[in-house]
Amino acid sequence: MRFGIAVLAAVALVPAGAAAQTKAATGPAVEGTWQVDASSVAGKGPREVIIRADSSASWGKETVRWRLPAEDRIMIALGGEWETYRMKLKGNKLTLSGGDLSEPITLKRAGPPTPRPDSVPVPPDPDTE
């Protein structure tokens, strides 16, 4: 399964810039610590995804950049390219599908995001690098 590569696995076009990638007035509040619903994932992959307002998302040792192009889409920068996923946010559940996922993945909000360590940079935006 490519969830680790796919997301926020977690985890994703608002104009470039950190301010535009935060919780915009028109966008859903996706920031937080999310845990994968074990029943929605087969195989190995990260079980926790952290989506931060600084446009970074992390799981395990992987850190990527995300953005919201629309209320029902999230883009994740992986390997210098954007991957786009359909996104459904309902209460404390976030479901991702499409992109390189073979089946939908559901995550449940476990709390606020943890800070990104200063030693871990936000990956570059493929559109500007």
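Here is a short chat about the model shown above.

Me: What kind of model is this?
Reply: This is a predicted model, where local features need pLDDT of at least 70 and side-chain atom pairs count only at pLDDT 80 or more, while totals for chains, interfaces and linings use all residues. Residues are numbered from 1 along each chain as its sequence is written, and side-chain values use heavy atoms, with hydrogens and water left out.

Me: How many helices and strands are there in the protein?
Reply: Two helices and eight strands. Helices are DSSP runs of H or I with at least four residues, strands are runs of E with at least two, and both are numbered from the N terminus. Along the sequence the pattern goes α-α-β-β-β-β-β-β-β-β.

Me: And in what order do the strands close into a barrel?
Reply: The order is 1-2-3-4-5-6-7-8, with antiparallel pairing. Two strands pair if DSSP finds at least two bridges between them.

Me: Is strand 5 mostly covered or mostly open?
Reply: Mostly covered: five of the six residues in strand 5 (residues 73-78) are buried. Buried means under 20% relative accessible area, with a 1.4 Å probe and protein chains only.

Me: How many bridges join strand 5 to strand 6?
Reply: Six, and the two strands run antiparallel. Met 75 sits opposite Thr 84 in strand 6. In their hairpin, with two residues between the strands, Gly 79 has a positive phi near 60°.

Me: What about Arg 65, which residue is its bridge partner in strand 5?
Reply: Ala 77. Arg 65, in strand 4, also stands opposite Ser 56.

Methods. Buried means under 20% relative accessible area, exposed over 50%, partly exposed in between (1.4 Å probe, protein chains only).
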